[in-house]
Amino acid sequence: MAQKIQRPKGFNDVLPAEIGWWHRLEDAARRVFGGYGYDEIRTPILENTELFARAVGAATDVVEKEMFTFNDREKRSLTLRPEGTAGVVRAYVENGLAQNEPSSRFWYAGPMFRHENVQAGRFRQFSQIGVEAFGARAPRVDAEVLIMVRDYLDAVGIRGVDLRVSSLGDAKCRPAYKQELQTFLRGVAGELCDDCKRRIETNPLRVLDCKNERCRAATAKAPRMLERLCDECRAHWDEVTRTLKLAGVAFTVDPDIVRGLDYYVRTSFELIHVGEGLGAQKAIGGGGRYDGLVRELGGPDVPGVGFGLGVERMVMVLDAQEKKSDRPKPKIVFLAPLGPAAADRAMALARDLRAAGLRVEMDYDAKEKGLGNTLNKADRRAATIAVILGADELARGIVKVKDLRSGAQVEHEIASLVGVVKGMLGD
Ligand code: HAM
């Protein structure tokens, strides 16, 4: 036998057993985000490298170490998108929407790529479901985005998610805070890991997000942005939190939120799963406001706010929460024609059933005396209903319809089959 070929590390297959969760997550996105006025957008998974360097920030881990970047045949540097926001902003600017429809709202779903150390819940290809809302400066829109993410998690049935919110200030108050933080960090540099020592000069906020215990201890008393907001950022923050309380959406103020991408200003948040199901990677989503990004990417001065949710992590939570047998799956109608004459009739019946929107699978190998065998196959497929049609039934113009959940079997006229089956499936 030839040697088997394996998938690259950190790249996963999504098999049919799991796909029901994916569909539930995508269907809910269409429904819930649609209800808030968001339209779906699909952008390429490959972009010019410069897009991410500029949008995500040259000093971020994502751009420094994690991008899948390569030269194409014309020696142009291309990158597999590590996140969704940059591409959506590019599309919004490039297609003239920033000028003509500045208040556009988009949602998207698709694969992202980061060359990270692989572990439970952390992959090199992963999928995000995300939204981006352009054109609104009002803090109520930040709150609405957070309310929407709650509605979304409720709709898909994910429980135990803590919404952690903070403000990262803006171009007015962050530079002074950054300097203050750098001064503090230089004072404790001896206690920091090598990465953090370097980050003091390149990306000091990131130091507050380091998972290393010694770094955490050394920075416990560091000043936090939330305590240093300018008046405008403070007013924005107060209004966001007031609106969330008014809506009865629970959240935790977390001044340690940093975010791994540079484009955020003011409201920033993470969705942390606090129950069982995820390993060390507890963040099922994150997002925030990015008012300077559209301009940074060559568009007008249009503000934006959005979030991204990790699909694999949500699937892991759903799998831990529900029994394996509760994975969403379609109901199967299994057609068992016993013999060639019955098979001819059954093929036409299968089309009628399918035209009525049902999922029909047929046993093409069933033999005249093979009822037991074909019913075993129906069981293995976890079918809900078996329709049995032998020479005798055919002659009498009937079918036997067996409810495989209860075992009850009833004869019906062939002509009434579609209605009967639909009724049994509760459609
Ligand atoms: P992010 O926090 O980098 O934000 O990613 C969002 C989510 O994607 C994470 O919370 C996590 O669930 C999932 N994720 C990230 N990396 C991995 C990985 N290696 N394996 C599995 N899941 C992963 C963004 O990407 C922003 N674009 C979100 C945003 C949209 N902000 C504003 N608009």
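Visitor: Is the crossing of α1 and α6 left-handed or right-handed?
Guide: In this predicted model, the crossing of α1 and α6 is right-handed. A crossing gets that word if the near helix is turned clockwise from the far one by less than a right angle.

Visitor: Which residues of α1 and α6 meet?
Guide: From α1 come Arg24, Leu25, Ala28, Ala29, Arg31, Val32 and Phe33, and from α6 come Met148, Asp151, Tyr152, Ala155 and Val156. The residues of this contact divide into 9 nonpolar, 3 charged and no polar. Tyr is on the nonpolar list and Arg and Asp are on the charged one.

Visitor: Why is α6 called oblique to α11?
Guide: The axes of α6 and α11 (residues 231-246) come within 8 Å and cross at roughly 40°. Roughly parallel requires an angle under 35 degrees, and roughly perpendicular starts at 65. The value falls between these limits, so α6 is oblique to α11.

Visitor: What is the make-up of the contact of α6 with α11?
Guide: On the α6 side are Pro139, Arg140, Asp142, Ala143, Leu146 and Ile147, and on the α11 side are His236, Glu239, Val240, Arg242, Thr243 and Leu244. They divide into 6 nonpolar, 2 polar and 4 charged. The crossing of α6 and α11 is right-handed.

Visitor: How many aromatic pairs does a search of the whole structure find?
Guide: The search finds 12 aromatic pairs. One of them joins Phe11 and Phe68.

Visitor: How do you know whether the rings of Phe11 and Phe68 are stacked or edge-to-face?
Guide: Their centres lie 5.9 Å apart, which meets the limit of 6.5 Å for a pair. Their planes stand at 80°, and over 60 degrees counts as edge-to-face, so the pair is edge-to-face.

Visitor: Which parts does the pair of Phe11 and Phe68 tie together?
Guide: Phe11 is in the segment before α1, and Phe68 is in the loop between α3 (61-66) and β3 (69-71), so the pair ties together parts 57 residues apart in sequence.

Visitor: How is the chain divided, and how far apart are the C-alpha centres of domain 1 and domain 2?
Guide: Domain 1 covers 19-173 + 229-321 and domain 2 covers 332-425. Their C-alpha centres lie 48 Å apart.

Conventions. Residues are numbered from 1 along each chain as its sequence is written. This is a predicted model: local features need pLDDT of at least 70, side-chain atom pairs count only at pLDDT 80 or more; totals for chains, interfaces and linings use all residues. Side-chain values use heavy atoms; hydrogens and water are left out. Helices (H or I, at least four residues) and strands (E, at least two) are DSSP runs, numbered from the N terminus. Contact means heavy atoms within 4.5 Å. Domain bounds come from an automatic or database domain assignment. Rings of Phe, Tyr and Trp (its six-membered ring) pair if their centres lie within 6.5 Å; planes under 30 degrees apart count as stacked, over 60 as edge-to-face and the rest as tilted. Axes are lines fitted to C-alpha atoms, for helices over the stretch in contact, and angles run from 0 to 180 degrees between N-to-C directions. Angles under 35 degrees count as roughly parallel, over 145 as roughly antiparallel, 65 to 115 as roughly perpendicular and the rest as oblique.
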